[in-house]
Every structure is written in structure tokens, then in C-alpha cells.
Amino acid sequence: MTGDTVDRVTAGFTEARRVADALLFEGYVLYPYRASARKNQLRWQFGVLVPPAWQDAGGEHSRQRTDCLLEPRRADRLLVELRFLQVRRRTVERLSPDGESWTEVAELDLPDRVLVPWDEGEEERVELDVPLGRLAGDGHTLRFELPGGVEHEPVHDGAAGVVGRLVRHSSPLTGEIRLTTEPLPGPYGALRLTATVRNVSAWTPGPRERDDRESALPHSLIGAHLLLGLPGGRFLSMADPPEWARPAARTCRNEHTWPVLACGEGRDEVMLSSPIILDDHPEVAAESPGPLYDATEIDEILSLRTAALTDREKREARGTDARAAEVIDLVDGMPAEVWERLHGAIRGLREVTGELTGVTAGRRTADDVTVGPLPDGPGIDLTVVPPSAEPPAAGLRLPTGPGLPWWDPAQDATSAPGRGTVTIDGQVLGTGSRVVLKPGPRRSDAQDIFLAGRAATVEAVLEDFDGETHIAVTVDGDPGVDVRREQGRFLYFRPDEVDPVPEPARAPARDGEGGV
């Protein structure tokens with residue numbers, strides 16, 4: 001294990017933490033970032049590992065299990081980092097006028113902030129650096145303990161001096177990380193790694209706490225996730241493993257977490273095991289100004305709404321939590337060029353040059369469409385059929401300039417989106433064709449799976465900028481079909497996710513019929 005390989009893993013951990021913060025700690029404090037907001041009354045949805053006694057009472061989990069595959073190659077050690085938040089229950093106390101006593105209050109109104117009771121999340125890390133050889137057999141188990149306690153932070157009000165204090169109570173936490181490996185059959189020298197994280201705290205709920213989730217949270221690991229590093233080796237993708245590793249990947253069992261390759265494309269020495277399902281190589285958009293802790297909100301909308309808060313609301317947000325205060329300061333101090341780039345970004349476009357057959361500036365014809373089988377759908381043939389066989393007008397150029405669309409139907413009606421066709425099992429499908437939906441498990445979400453086996457009508461065949469073909473459909477029996485057609489809001493499937501319904505054969509023409 002060289003210094004370079006360790007440095008790559010260290011840098012990979014730093015990059016993976018940014019993703020974890022954006023995805024797992026978002027939702028920590030929701031817009032409008034005030035403790036009084038209804039949205040912030042139910043928090044900590046991701047990766048909550050509760051004490052075993054509460055698991056029975058509240059139906060949540062006390063452990064996570066991660067199974068993944070790795071090739072040690074030159075690696076002799078495994079680096080592990082468990083990250084989670086520990087709840088610190090904060091109350092607010094006011095100092096009496098004589099300076100002799102403290103009184104708990106619902107809020108402390110200061111010129112720059114309004115302090116209120118709040119559950120803060122303190123980031124905790126448990127790190128391991130363990131030889132791979134020690135993980136065979138019974139493996140290696142690390143038990144960790146976080147002591148509880150009480151902290152006091154004085155609150156100052158300018159020239160008035162100390163006017164109150166924040167009191168933070170934290171409860172003891174006890175956890176356990178167990179790591180084991182077993183060799184995979186075959187000549188590849190690969191291993192299956194099992195990493196189990198448990199909350200083994202001894203806290204038990206009292207009679208009045210059995211139905212009170214708030215009472216269990218201070219004894220829980222919040223947003224728990226693992227970073228795994230293999231200096232000199234590589235992890236295998238669990239979503240798309242090499243062919244030889246697919247049987248082993250199918251037998252892996254991941255419970256309440258999902259491992260993905262972290263860092264950029266081509267990197268495989270760091271894995272992030274996340275309590276929410278991610279694709280391999282997740283990354284934070286370069287345009288994002290910073291963590292906004294509001295889960296799936298769009299940065300631009302969220303920033304604009306935050307900027308529109310009143311001074312009083314911003315003061316309460318600043319007093320709610322340090323992370324909330326950072327968001328307010330971030331938005332208030334955001335320069336114009338950062339606001340501008342929040343409008344969106346195009347990640348990439350296919351290059352179109354005059355060197356391609358049948359291509360004129362800004363236009364594609366059927367001559368430059370590749371015909372051939374899809375990677376996952378043998379026997380599926382893609383062809384774009386123009387509505388007219390006549391050549392385009394000589395010298396046709398689409399308009400350019402600010403405010404003009406990339407496609408102008410008034411000048412180029414022959415290339416209207418959705419007029420293409422796709423050939424599946426020898427049958428040409430286009431607008432009006434009938435199909436049966438068969439969504440696949442890899443690309444489909446739950447809503448698509450519910451439609452498996454349903455009959456549908458093709459509304460359009462579309463091709464995106466990456467050359468992928470999509471079939472827009474409406475489902476039979478959907479009472480909103482007319483509205484969908486009017487608004488152009490359809491469901492979309494790949495060609496290998498539909499089966500064509502054979503068209504009924506036409507009866508042969510009788511004598512004297514059908515002639516000219």
C-alpha cells in the first residue's frame with residue numbers, strides 16, 4: 001500500500017462526504033429553516049438506527065448490513081469511516097436580573113437572532129484501519145461508546161453582557177461495527193465484504209415513551225452511513241458488476257443501506273454505503289452554492305424563497321441552528337454570477353458537424369441515424385422514418401440568436417419531434433400503435449412497475465440528444481388521457497420495455513373492390 005493509493009482514498013473520502021452531506025443531512029433542517037415551521041416537527045428520516053428496545057416498540061431498525069464485492073489486488077488494508085449525527089437536545093435559559101439564577105424560556109429574542117429550543121445534530125465519526133487478513137473467519141469487531149453529558153454556552157447581547165445560556169443535553173450511545181470477508185469461488189481472488197453497524201445502547205423506553213419517537217432519538221445514530229476505502233484495490237459495482245461477478249452480486253444481502261461506487265467515473269477505490277438508494281458515482285452539481293438541507297428542493301427556487309424571508313424570520317432561522325444560520329448567510333451573500341448559474345446547465349451535447357452524412361447545420365436526417373440492436377435488447381431495431389421522402393430545402397438553416405428555439409416548426413416541419421418510428425420484433429411502431437408495457441427492474445421506478453402488463457397506445461416516438469429512443473404512451477383506462485394529450489404529458493418507456501400488439505390482418509379484397 002503506497003502513499004499515493006492512500007492519498008487517493010483520503011481524497012475520495014472527502015468527496016464522498018460532500019455527497020453524503022448533500023443527500024443524507026439534507027432534511028436535517030427544512031426551509032424556512034425555523035424550529036417553529038411545521039416541516040421541522042418531524043425530522044431524521046434517513047439512516048436512523050434506534051436502540052434495540054425501541055426497535056420492538058417503534059418499528060424502526062437498530063442495524064444496517066452492507067454486502068459488497070472487492071478485488072484486493074495490491075491492497076492489504078481496509079479503511080472504514082462510520083458517520084452519523086448524535087442528537088443534542090437544546091433548551092434556552094434566561095439569566096435573572098440579579099444574575100443569580102436561570103429560568104428556562106420558550107425563546108430569547110436578541111437583535112441578531114431568536115433562540116428557541118431545538119434538537120441539534122453533532123457529526124460523529126468512527127474510523128478504522130484494519131488489515132484485510134484480520135477480516136477472514138470471525139472478522140473484526142469494534143465497539144464504540146459516546147458519553148452523554150450537559151454543556152452550557154453563554155449568550156451575549158452586546159453591551160448588556162450575558163443575558164442567557166444554551167443548555168445542551170446529550171445521551172450516551174453505544175454502537176458496534178463488525179467486518180468480515182469471505183473469498184469468492186473462481187480464479188479472480190475476489191472477496192465478499194460484510195459490514196454490519198449496530199446500535200447496542202441499553203436504553204429502554206418507559207411506559208410513557210413507548211409511543212414517543214422523540215424520546216428514542218437522543219439514543220439513536222442519525223443518518224448513519226459508511227465510507228469504505230481500499231488503497232491499491234478496487235470495489236465492484238453492485239448495480240452493474242462484471243459478468244463473472246454477477247452470480248455473487250445476486251447473493252449479496254444489503255439491509256437498510258445500499259453500497260455505490262463513490263467519486264467520479266473510473267474511480268473504484270472508495271464505496272459509499274448509503275441509507276437511500278443512489279447510482280454509482282453520485283456527485284454534487286458544480287452549480288450548487290452549498291448544502292441547503294432541504295432534500296430534493298431545487299437550489300434556485302430554495303435560494304429565492306430564502307432571500308424573501310422577513311428579517312424576523314431570518315433572525316429566528318439564525319437562532320434555530322448553526323447550519324440554518326449558514327444557509328441564511330450563504331443566500332444573503334451570494335454574488336450575482338452564482339445566482340445566474342442556478343438557472344441550470346447542459347451537461348453535454350452530441351457534436352454535430354458537416355462531416356456526418358446527411359447532416360446540415362442544426363438538422364439531422366434519417367441518413368445519420370444509427371440502425372442496430374440496443375445493448376440490452378437484442379432484436380430491437382431503431383430507425384427514424386421522415387414523414388416525407390423529399391430532400392430538405394437547399395441551404396436550410398435554423399434561426400439562431402437570443403430567444404429563438406432550437407427547432408422552429410414554421411421553417412422545419414419535417415423534423416417535428418415525435419414523428420419517428422421504432423421497429424420491435426419486426427413490427428413498426430409509431431403514433432397510434434398498440435403495445436403492452438413490460439417495465440424492467442433496472443431503470444424503472446415503483447410507478448412503472450405497477451403498470452406491468454397494461455395495454456397502452458403510442459403517442460409519440462422520441463429521440464433525445466444522447467441518441468436514446470423513448471416511446472411516449474397513454475395507458476388504457478386512464479381517465480385523464482384527454483388531458484394528457486392536450487398537455488403533452490405522457491409516460492415514457494424504452495423500446496425494450498414494451499411488446500407490440502400484433503395488428504389485425506386485413507381481409508383480402510373481393511373482386512371488384514380495392515381496384516383503381
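Reply: Happy to. Let's start with terms: helices (H or I, at least four residues) and strands (E, at least two) are DSSP runs, numbered from the N terminus. The expected span of a helix is 1.5 Å times one less than its number of residues. This is a predicted model, where local features need pLDDT of at least 70, side-chain atom pairs count only at pLDDT 80 or more, and totals for chains, interfaces and linings use all residues. Residues are numbered from 1 along each chain as its sequence is written, and side-chain values use heavy atoms, with hydrogens and water left out.

Me: Okay, how far apart are the end C-alpha atoms of helix H1?
Reply: They are 30 Å apart, which agrees with the 32 Å that the 22 residues of H1 (residues 3–24) should span at 1.5 Å a residue.

Me: And which residues of H1 are buried?
Reply: Among them are Thr5, Val9, Phe13, Arg17 and Leu24. Buried means under 20% relative accessible area, with exposed over 50% and partly exposed in between (1.4 Å probe, protein chains only).

Me: What do those buried residues pack against?
Reply: Four strands: E2 (77–95), E6 (118–131), E12 (222–229) and E15 (270–274). Contact here means heavy atoms within 4.5 Å.

Me: Switching topic: what is the strand order in the sheet with E19?
Reply: The order is E22-E21-E20-E19-E23, an open sheet of 5 strands with antiparallel pairing. Strands E22 (491–493) and E23 stand at the edges with a single partner strand each, so one side of each has no neighbour in the sheet. Two strands pair if DSSP finds at least two bridges between them.

Me: How many bridges join E19 to E20?
Reply: There are 3, and E19 also pairs with E23 (residues 498–500) over 3 bridges. Val436 stands opposite Ala455 in E20 and opposite Asp499 in E23.

Me: Which residues are on the covered face of E19?
Reply: Val435 and Leu437, while Arg434 and Val436 make up the uncovered one.

Me: Now rings. How many aromatic pairs are there?
Reply: A search of the whole structure finds 5. Rings of Phe, Tyr and Trp (its six-membered ring) pair if their centres lie within 6.5 Å; planes under 30 degrees apart count as stacked, over 60 as edge-to-face and the rest as tilted. Tyr28 and Tyr293 have ring centres 6.2 Å apart and planes at 65°, so they are edge-to-face.
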